[in-house]
Amino acid sequence: MIMADMVQILVLGLALGGVYALMGSGLSLVFGVMRIVNLAHPSLVMVGAYIAYWAFRLGGVDPMITLPVALVILAATGVLLYKLVFEREARSAKYSEMTVLLTFALAMVVEGALGTAFTNTQRVTSPDYATDAFFIGSVFIPKGQLYSGIVSLTIISALALFLKYSAFGNAIRATTQNRDAAELLGVNVNLVGLVSFAIGIGLAGAAGALVSFVFSFFPAKHWEWIAILMSLVVLGGMGSILGTVLAAFILSVIAAYVGFFFGATWSTLTFFVALFVVLLVRPQGLFGEKPELA
Amino acid sequence: MNDLLQVSNVVAGYGDGPAILNGASVKVESGKVHCIIGPNGAGKSTLLKAIVGMLRVREGDVTFKGESVKGLRPDQILRKGICFVPQERALFPKMTVRENLRMGGYSMRDKSELERRIDEIEERFLILKERRDQQAGTLSGGQQQTLSMARTMILKPEVVMLDEPSLGLAPKIVAEIFDIMRVMTEEGITILLVEQNALMGLKHADWGVVLDLGRTLFEGPGKEILNDPRIQELYLGGKKAA
């Protein structure tokens, strides 16, 4: 029955890829437009997860219903963070270094606040579908992971359509590719930065609602996720959303096989090894720009 | 008299750094091609960036149609009718040719008018029509420059400023770039050009301006400047040695 096992693992890997893709695409968007490596991104996913958890626990609200609420709350948080912290730093000569330190500090603050408020107990939201599965022959597809994957891909597709076909979406892409040129053509690059940041953080909130029933979580778990997300963004090519999404599926499938053959402990290691290998062999990733030598 | 754009004794530099321009002056007359030449580090590109508002003008003034435009942001300058094509060609490499043209009209309200103008541009520059769905980054250097210049025409600007459009292009392609410039002047667009290739630039220019060490050394009709002995001096390093 080794064949059935192989198919089963592929399905499980793909099912997890969606949520990773959603977490990664927000990070990738923010990096692409703002050149901010937002180390706090997964800690904000965690905030989304707690919103969904408490809405379910206290009000019995389905995480799928909470999702748009978490998205809006986090997007608003993004606007505040941008205005209070990142807008000022944008003119700093040490911008890149500063944003790494700032987002690192932000991640610590968020973790500390969540830990104080909700303790370090492991939580998971448990709507009915989270523990249910579809069966196709002997292959089972966990409903929770399937739904979260579908919702993630739907949100990412909406983002892709917005970026490709709306005037403002085009301005976002243009700013990512050539900030000065976009400004010369009349794009308000500061507004583009603000909106992209809000969307990116909003996506973290949406991902949080899905994560809340796919994984068990506690405040400090975001450190594991940032390592995973960095590997997705690097493999995809810094700033490429399509690349990040593909990388999410590729790596989560590989991780699922590694987990099957070598045990669950080794599964996460896949992402870190991939990070090193990509940086050594193909630093521009799948869709990134070739690094400039000069 | 009839100066469309006038730069008077401008002092400017990058950030808080030293001044690169130390009192540069240029007069731009409507409908003509103007070429700024000068050795490396003379401040040619800096002058264009100061006009367009990418750099702060510390002293002096920039007037457009008799009105000061000093201190305006690049997007405000654009709305006044001055387009700037920087040296790096300013394209969006991963967007298609058509999307790049569309970005050229980002500041236009009327989007159906924008699409109509893009169609017009495509008819005039057929290579852009042929390659409309190709990513701009995959075009050849000459095609990229064509796209950059054609894109400015979407807004029907009064002045187009070009920073070294011939940079890194083969001589045959450079000739094509100057052809496009002629097309632009036929449309009534005034051109202010910066060229490292002084010979080529001055040959095609109605008016030449020689810049050195951030100051205007002298100016005059392109062909006269071309034959001015002082040019030899400037480019060949000092007076003719024995």
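Is the crossing in which helix 3 of chain A passes helix 8 of chain A left-handed or right-handed?

Analyst: Happy to take you through it. First, some housekeeping: this is a predicted model, in which local features need pLDDT of at least 70 and side-chain atom pairs count only at pLDDT 80 or more, while totals for chains, interfaces and linings use all residues. Residues are numbered from 1 along each chain as its sequence is written, with chains lettered from A and ligands numbered from 1 in the order in which they are written.

Helix 3 of chain A passes helix 8 of chain A in a right-handed crossing. A crossing is called right-handed if the near helix is turned clockwise from the far one by less than a right angle, and left-handed if anticlockwise. Helices here are DSSP runs of H or I with at least four residues, strands are runs of E with at least two, and both are numbered from the N terminus.

Two packed helices are described by the angle between their axes and the distance between the axes. For helix 3 of chain A and helix 8 (residues 189-214) of chain A, the angle is about 145° and the axes are 6 Å apart. The axes are lines fitted to C-alpha atoms, for helices over the stretch in contact, and angles run from 0 to 180 degrees between N-to-C directions. This contact holds 20 nonpolar, 8 polar and no charged residues. In that count, Ala, Val, Leu, Ile, Met, Phe, Trp, Tyr, Cys and Pro are nonpolar, Asp, Glu, Lys and Arg are charged, and the others, Gly among them, are polar.

Helix 3 (residues 63-89) of chain A also packs with helix 2 (residues 41-59) of chain A: the axes come within 9 Å and cross at roughly 135°. That angle makes helix 2 of chain A oblique to helix 3 of chain A. The scheme takes under 35 degrees as roughly parallel, over 145 as roughly antiparallel, 65 to 115 as roughly perpendicular and the rest as oblique. The crossing of helix 2 and helix 3 of chain A is right-handed. From helix 2 of chain A, the residues that take part include A:Leu44, A:Gly48, A:Ile51 and A:Phe56, and they face a set in helix 3 of chain A that includes A:Pro63, A:Thr66 and A:Ile73. Contact here means that C-beta atoms, placed from the backbone, lie within 7 Å. By class, this contact has 10 nonpolar, 2 polar and no charged residues.

Further along chain A, helix 10 (residues 241-262) and helix 12 (residues 269-281) have axes that come within 8 Å and cross at roughly 125°, which makes helix 10 of chain A oblique to helix 12 of chain A. Their crossing is right-handed. Here A:Leu251, A:Ile254, A:Ala255 and A:Val258 of helix 10 of chain A meet A:Thr270, A:Phe271 and A:Ala274 of helix 12 of chain A. The tally is 6 nonpolar, 1 polar and no charged residues.

Stepping out to the partner, the contact between the chains takes 14 residues from chain A and 17 from chain B. Helix 3 of chain B gives the most to the chain B side, with 4 residues. That side has 11 nonpolar, 2 polar and 4 charged residues. The predictor gives the complex an ipTM of 0.85 and a pTM of 0.89.

Chain B also holds sheets. An open one of 6 strands has the order 6-7-8-3-9-10, with mixed pairing; strands pair if DSSP finds at least two bridges between them. Strand 3 (residues 33-37) and strand 8 (residues 190-194) of chain B run parallel, joined by 4 bridges, and B:His34 stands opposite B:Leu192 in strand 8 of chain B. Helix 7 (residues 171-186) of chain B packs on this sheet, touching strands 3, 7 and 8 of chain B. Another open sheet of chain B has 4 antiparallel strands in the order 2-1-4-5.

On confidence, the mean pLDDT of chain B is 90, with 96% of its residues at 70 or more; pLDDT is the predictor's confidence in each residue, from 0 to 100. Over residues 238-242 of chain B the pLDDT is below 50.

Methods. Two residues are in contact if their C-beta atoms, placed from the backbone, lie within 7 Å.
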